[in-house]
Amino acid sequence: MPSPSIMPLGASLPGPFRIAARVWLLGFASLRAALFPFIDLIVRLSIGQALLRSALVKLADWDVALTLATHEYPVGFMAPATAALVGLTIELVGGLLLIA
């Protein structure tokens, strides 16, 4: 008889428990396969909504976006106006691509 560390998982279980474990694992795998697209959709919509909201806030108050790009989140190799515009573009396009 092989040592317990070499035996496959569940090989030491009695017959009914082994069958129950297989049924549970198959049920779990099929449930995961059925729910994954919905979970993926919810995550994509949530992240896309957050990005779009941030972009729309920056569009609504451009002075605050410039202030943030200048003082809070400075990019050393870009002018603050360029950094704010790049950030706005990334948030807007990224949010739309996640939702589309």
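## Glu91

Glu91 is buried, with a relative accessible area of 15%; buried means under 20% relative accessible area, exposed over 50% and partly exposed in between, using a 1.4 Å probe and protein chains only. Glu91 belongs to helix α3, residues 80–99. Helices here are DSSP runs of H or I with at least four residues, strands are runs of E with at least two, and both are numbered from the N terminus.

The Glu91 side chain forms a polar contact with the side chain of Ser54, at 2.9 Å. A polar contact is a pair of N or O atoms within 3.5 Å; within protein, one must be able to donate a hydrogen and the other to accept it, and residues adjacent in sequence count only if both atoms are side-chain atoms. With neighbours within four places in sequence left aside, Glu91 is in contact (heavy atoms within 4.5 Å) with Leu51, Leu52, Ser54, Ala55 and Lys58.

## The model

This is a predicted model, in which local features need pLDDT of at least 70 and side-chain atom pairs count only at pLDDT 80 or more, while totals for chains, interfaces and linings use all residues. Residues are numbered from 1 along each chain as its sequence is written, and side-chain values use heavy atoms, leaving out hydrogens and water.

The average pLDDT (the predictor's confidence in each residue, from 0 to 100) is 87 for the protein, and 88% of the residues score at least 70. Confidence is lowest in helix α1 (residues 15–60), with a mean of 90, and highest in α3, at 94.

## The whole protein

The protein has three helices and zero strands. Of its 100 residues, 10% count as buried.
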